[in-house]
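I set out to record what I looked up in this structure, entry by entry.

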Amino acid sequence: MEQRILLIEDNPDITRVVQYELEQAGYRVLAAPDGVTGLTAAREHTPDLVILDLGLPDFDGAEIARRLRKTSSVPIIILTAMDAVDRKVNLLEAGADDYMTKPFHPEELVARVKVQLRHQQHGEVISIGPLEIHPQKRLCHYNGHEVRLSPKEFDLLTFLARQPGRVYSRQEIEREVWNGELPSNSNVVDVHMANMRAKLRDLDGYGIIRTVRGIGYALKTP
């Protein structure tokens, strides 16, 4: 799946430049002009990395980082105009993985994004009870046994697993896993869900995927 970067920045000029550079590098960029919008976007779209401005109009960037860290291990790069050492230490303690001092070169920011994503991918393991997913290795295990999934089934299960318990509509799943390329009234999502359940059922994991009638699907939490 295309990697998603959430940019939380209130300066439209910086947003425009950073978004352009990241999209040229092959990333999908979600832009949010304030902390509240950014937290909502992080919850709804599960980005692979967050670029966070420190001086937002509604919340201090460090507070946003702390809130993100309560529910996610997503890499966070802070943009700040402050160069004091103690401030940088506070940002790292709040949950930031890296920071850049304004003004900065967009090319350097893109390079740092690549480094953080590379670190995240090599070491990432998603564990939910007996379910274990290794996104970079594209391996899935349940109760210690490998679950042999098709490429799209793996993408779909990984997408659900990044926010277990959250209910995703079929439209959200189509947009994120199939990039919105499915025809209207397609039953492809339902077919893939049924196939995954059949494979998990053989390992006593059939019930891990929950159907919410009239809405969509969610991955059960332990």
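Entry 1. I looked up R112 and found it partly exposed, with a relative accessible area of 26%. For burial I used these classes: buried is under 20% relative accessible area, exposed is over 50%, and partly exposed lies in between, with a 1.4 Å probe and protein chains only. R112 forms a salt bridge with E108, and their closest N and O atoms are 2.8 Å apart. I took a salt bridge to be a side-chain nitrogen of Lys or Arg within 4 Å of a carboxyl oxygen of Asp or Glu. E108 also counts as partly exposed, at 34% relative accessibility. I asked myself why R112 and E108 are separated by about one helical turn. The reason is that they are four residues apart in helix α5. Helices (H or I, at least four residues) and strands (E, at least two) are DSSP runs, numbered from the N terminus.

**Entry 2. Basis of the values.** I note that this is a predicted model, in which local features need pLDDT of at least 70 and side-chain atom pairs count only at pLDDT 80 or more, while totals for chains, interfaces and linings use all residues. Residues are numbered from 1 along each chain as its sequence is written, and side-chain values use heavy atoms, with hydrogens and water left out.

**Entry 3. Other salt bridges.** I recorded a count of 16 salt bridges. In one of them, D53 meets K102 with the closest N and O atoms 2.9 Å apart. This pair links distant parts of the chain, since D53 belongs to strand β3 (residues 49-53) and K102 to the loop between β5 (98-101) and α5 (106-123), 49 residues apart. D53 is buried, at 3% relative accessible area, whereas K102 is partly exposed, at 22%. I also noted a network of salt bridges that links R4, R28, R175 and E176.

**Entry 4. The sheet.** I next followed an open sheet of four strands, in the order β6-β7-β8-β9, with antiparallel pairing. The edges are β6 (126-128) and β9 (145-146); each has a single partner strand, so one side of each is left without a neighbour in the sheet. Two strands were taken as paired if DSSP finds at least two bridges between them.

I then went through the pairs. β6 is joined to β7 (residues 131-134) by three bridges, and I126 stands opposite I133 in β7. Four bridges join β7 to β8, where E132 has H141 as its bridge partner. β8 and β9 are joined by two bridges, with Y142 opposite H145 in β9. These two strands form a hairpin with two residues between them, and N143 in the turn has a positive phi of about 55 degrees.

**Entry 5. One covered face.** Which faces of β8 are covered and uncovered? C140 and Y142 make up the covered face, and L139 and H141 the uncovered one.

**Entry 6. R138.** I returned to the hairpin of β7 and β8, which has four residues between the strands; here R138 takes a positive phi near 55 degrees. R138 forms a salt bridge with D155, the closest N and O atoms being 3.0 Å apart. The partners are 17 residues apart, with R138 in the loop between β7 and β8 and D155 in helix α6. I found R138 partly exposed, at 40% relative accessible area, and D155 buried, at 10%.
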